[in-house]
Amino acid sequence: MKLFWIGVGMFFLANPVVGVCDYLPDFIGCLLIMYAVRDGAYIIEKLESARRWFMYGALLGIVRTLVSFADIESQHTLPLTLAFVFAVLEMVVYIPAFHELFSGFDYAAMRLGGSKVLSMGKRMGYYTDESGKRQYGEIQDDTTGRLARFSQVFLGIRAVMSVIPELPALELAESENLGEVGAFQFSSIGTLIKLVTVTVALIPGIIFLVRHIRFLHRIKKTGDFVPAVKRELSERFGDLTEIHTCSYMKLLSFVTGVAVVLYMGFYDYQINIVPRYVCACVLAFATILLFAFSKRKIVNLLPIIPTFAAIPLSIKTYALQKDHYELYRIQMMNLFESGNETYYDRNINAIDEEYLIMARWESLEAVVLGAAIVLFLFLYLRLSLSHLKTFRSVSDRYRDEIARSLKIRGGVMLGGAVLSAAYFTAYRYILPYFDSASIVGVGVNILSTVLFIVFATQANKYVYGNLHGA
């Protein structure tokens, strides 16, 4: 276990959340905690369960971050609804996550030694003995139990406080039918509530962080807790390099899968709800991971070139899409206000000079970013095959068979990525003639993602299968 990274992960979870905005993204903290307890999770079931819960927290945090990029502030009560949904889901995820995390610490102390780290002495109080009778006497002051309860209470308060700043939207929405709304007044109230929320939630966040850092410092200072876990790992598995390599590749496949899904943009009135520069940033992060996991082979940094080239293209394309829809929206508002029902609706996808300019930029963006994805997946396949050659847990008898299977699945995966890139390059030119082009695009991207998941699962399966006898 890596106590330092647990502390850094707690830092990202200690910040206040305002509506759908999480200024220090929780998913980073969840990923760091998952990484920190990875070794212990191989031998302690509670820590493995905690890792799963924090994985769900990471997924939830990624969704929250993506939603915060979308322009939803003008959608009246939609931010309030989303803030409430996120608050409930975070409670469902983080309460068991922290319970399992500290239960794992307890089990490790009991099973492997270092129990003195987790207790602060004894105190007097009531407790239930083995016969079920209520007794008064000395009780061990359990540090982990108190920290788990405190963490759950803090995260509950944080979830409730995240909803409060969006409540003025209810009054604003109700007032819209009563005449002119004093927007300045409502915005001032909203700003004040957000300021108070951040201030009130920040104090428990600081306490949360300090208490956990002190606890982790005590564990590190004693010097018997973490070494006991490492000794048990060494006795049970021997060399952990192969397991760690497999974990790295799974993390890489997860990050890349997110990039592939974001590539389709999720169009709304032909505007990318998620701009592709978000996909490009995720892919750049995945490329850095690929470079690190391949012992810094410079060739694995090649996808960075088209990825960075796609970012300014994506910014330009997103601006053109918004301008195109804004013109359409103005025309529709004029039609509505005039009441002229005989005025024909202008097709938003009518081919004119403005549309062609947008189509060219969007196609260039799609082909550059698509090329980056295809190149990255090729290097990912290459790295998976090279790792296979170094795994001693894979016998020579099965090595060639597994390599052949990976090559076939990898070829299909690359074919799916090429299909997706080709489709979205031609998407804007297909759309005026094919009303269901958006739905087909979603289907193409989902197919590409599924093919990638099948390959990534197979590419990592044999390590666990050999080491655990599956």
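**Group meeting: a helix pair and one histidine**

I'll start with H13 and H14, which are roughly antiparallel to each other. Before the details, note that this is a predicted model.

Helix H13 covers residues 353-390 and helix H14 covers residues 396-430. They pack at an angle of about 175°, and their axes are 7 Å apart. The cut-off for roughly antiparallel is an angle over 145 degrees, so this pair qualifies. What kinds of residue form the contact of H13 with H14? It divides into 23 nonpolar, five polar and six charged residues.

Now H14 by itself. At 1.5 Å a residue, its 35 residues should span 51 Å. The end C-alpha atoms of H14 are 50 Å apart, which agrees with that. H14 does have a kink of about 30°, centred on Phe 424.

Next, the histidine. His 244 sits in helix H10, residues 241-262. Is His 244 buried or exposed? Its relative accessibility is 15%, and buried means under 20%, so His 244 counts as buried. Which residues does His 244 contact, leaving aside neighbours within four places in sequence? Those are Arg 38, Asp 39 and Tyr 42. Take Asp 39: in sequence, His 244 and Asp 39 are 205 residues apart, while their C-alpha atoms are 8.5 Å apart in space.

Last, the chain as a whole. The chain has 15 helices and four strands. Of its 470 residues, 48% are buried. Among contacts with a separation of 6 or more, 74% join residues 24 or more positions apart. The contact between His 244 and Asp 39, at 205 residues apart, is one of these.

Definitions and conventions:
Residues numbered from 1 in each chain as written. Predicted model: local features only at pLDDT ≥ 70, side-chain atom pairs only at ≥ 80, totals over all residues. Heavy atoms only, no water. Helix = DSSP H or I, 4+ residues; strand = E, 2+ residues; numbered from the N terminus. Buried < 20%, exposed > 50% of the residue type's maximum accessible area, 1.4 Å probe, protein only. Contact = heavy atoms within 4.5 Å. Axes fitted to C-alpha atoms, helices over the stretch in contact; angles between N-to-C directions. Parallel < 35°, antiparallel > 145°, perpendicular 65-115°, else oblique. Nonpolar A, V, L, I, M, F, W, Y, C, P; charged D, E, K, R; others polar. Expected span 1.5 Å × (residues − 1). Bend = angle between axes of the 7 residues up to and from the residue.
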